[in-house]
Amino acid sequence: MQRSAMIGALLLVISACSSDAAPQDVAAGPELLAAAEEPATPATARSSLCSRLEGPSCVFDVAGFDEPTVIDNRWLPMSPGMQLVFMGTTNEDDELLDHQVIITVTDLVKVIDGIETVVSWDLDFSDGELVEAELAFFAQDNDGNVWRMGEHPEEYEDGELVDAPTWIAGVNGAEAGISMLADPVVGSLSYSQGWSPEVDFIDRGRVEDVGQPACIELECFDSVLVVSEFNVAEAGASQLKYYARGIGNVAVGWSGIDETQEELELVSVEQLDPAALADVNIAALELDANAYQVSPDVYGQTEPATNTATLQSVAGSSLCSRLEGPSCVFDVAGFDEPTVIDNRWLPMSPGMQ
């Protein structure tokens, strides 16, 4: 079966999603924007956009994240080394181009708005050329909701950086949003997926269907979740994302007047071995370091991402040599015989003068 045909079949799973009509709560876009422009005060107890606008009440509270980097939401699990590869097409200037997206969950942690987050390293290729590299940050609250805490995308043309619409929760008025609800329910109102008007990230999501069967080339699923994502300032255009339990996103479609008409399906999902994961971590740390130069006003207000035990044990000193600056992580647990100094370039034995 042709890939485009399979995506078309997925779109047919939910006829309500493929309507050109704008989502009901999109019509209130101007009112939503006006309400959101009101600055939050300390009295709001760090409330998120979704608590101030219509949709499920999801107050963002640092105290509600006991184990934020343990992301085991059944619809969006994120374990270190998990890598998803998508293939499909996208429309650019009325030309249909091959499109590939690679999403890898790193073994890195970055503190954003007071919470430790999981770092995702994403690569986006159009017609074989890298057009975007992105770091995205996620945390799971005690109820099982997965929050998107910010993004640093670097967009390229002909290998040159052309834009970096970075947003970080807690910086310049940006607020975290929900990437995946703990218990998606059809018919519920839309919810904020993040809020940063400065870079036009004002996306919202709405559950369209749960429980319908669907097939892609990789596998058939008895039950998928479909979420419609849209920007409140762009009524009538939606991106449709299909999720399978235990895997996460398995396909992407569109409805309405979406100009890019992006269609993707999952072609590979695997768990990277420690060595491959270490290489991914190093590449993500390089992007993290570069982000301070590209986005000093926003990204520059965060602490650098740190590597966890997996990277320390596998990459070791190679991390210091492959990144600019002092990038080694000091860990007391990594010193079994600290007084035995037999480094070939700097040996130190008692009595040596």
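Figure 1. Where pLDDT is low, predicted coordinates should not be read in detail. Across the protein chain, pLDDT averages 81, and 76% of the residues score at least 70. This is a predicted model, in which local features need pLDDT of at least 70 and side-chain atom pairs count only at pLDDT 80 or more, whereas totals for chains, interfaces and linings use all residues. Residues are numbered from 1 along each chain as its sequence is written, and side-chain values use heavy atoms, with hydrogens and water left out.

**Figure 2. The largest nonpolar core and the surroundings of Met149.** The core comprises 68 residues; a nonpolar core is a set of buried Ala, Val, Leu, Ile, Met, Phe, Trp, Tyr and Cys residues joined through side-chain atoms within 4.5 Å. Buried denotes under 20% relative accessible area, exposed over 50%, and partly exposed in between (1.4 Å probe, protein chains only). Leu135, Phe137, Met149 and Val250 have the most contacts inside this core. Its largest share, seven residues, is supplied by helix H4 (residues 274–294). Leaving aside residues up to four places away in sequence, Met149 touches several residues, among them Phe60, Ile112, Phe137, Trp167 and Ile168. Asp113 and Thr117 are also among the residues touched by Met149.

**Figure 3. Helix H4 and its buried residues.** Helices (H or I, at least four residues) and strands (E, at least two) are DSSP runs, numbered from the N terminus; the protein chain has six helices and 16 strands. H4 contains 21 residues and spans 30 Å from its first C-alpha to its last, close to the 30 Å expected at 1.5 Å a residue, where the expected span is 1.5 Å times one less than the number of residues. The buried residues of H4 include Leu277, Val280, Ile282, Leu285 and Leu287. Asn281, Asp288 and Tyr292 of H4 are buried as well.

**Figure 4. The disulfide between Cys215 and Cys220.** The structure holds one disulfide, defined as a pair of cysteine sulfur atoms within 2.5 Å. Cys215 is joined to Cys220 with an S to S distance of 1.9 Å. The link of Cys215 and Cys220 is right-handed, with 110 degrees about the S-S bond. Cys215 is partly exposed, at a relative accessible area of 38%.

Technical notes:
Contact = heavy atoms within 4.5 Å. pLDDT = per-residue confidence, 0-100.
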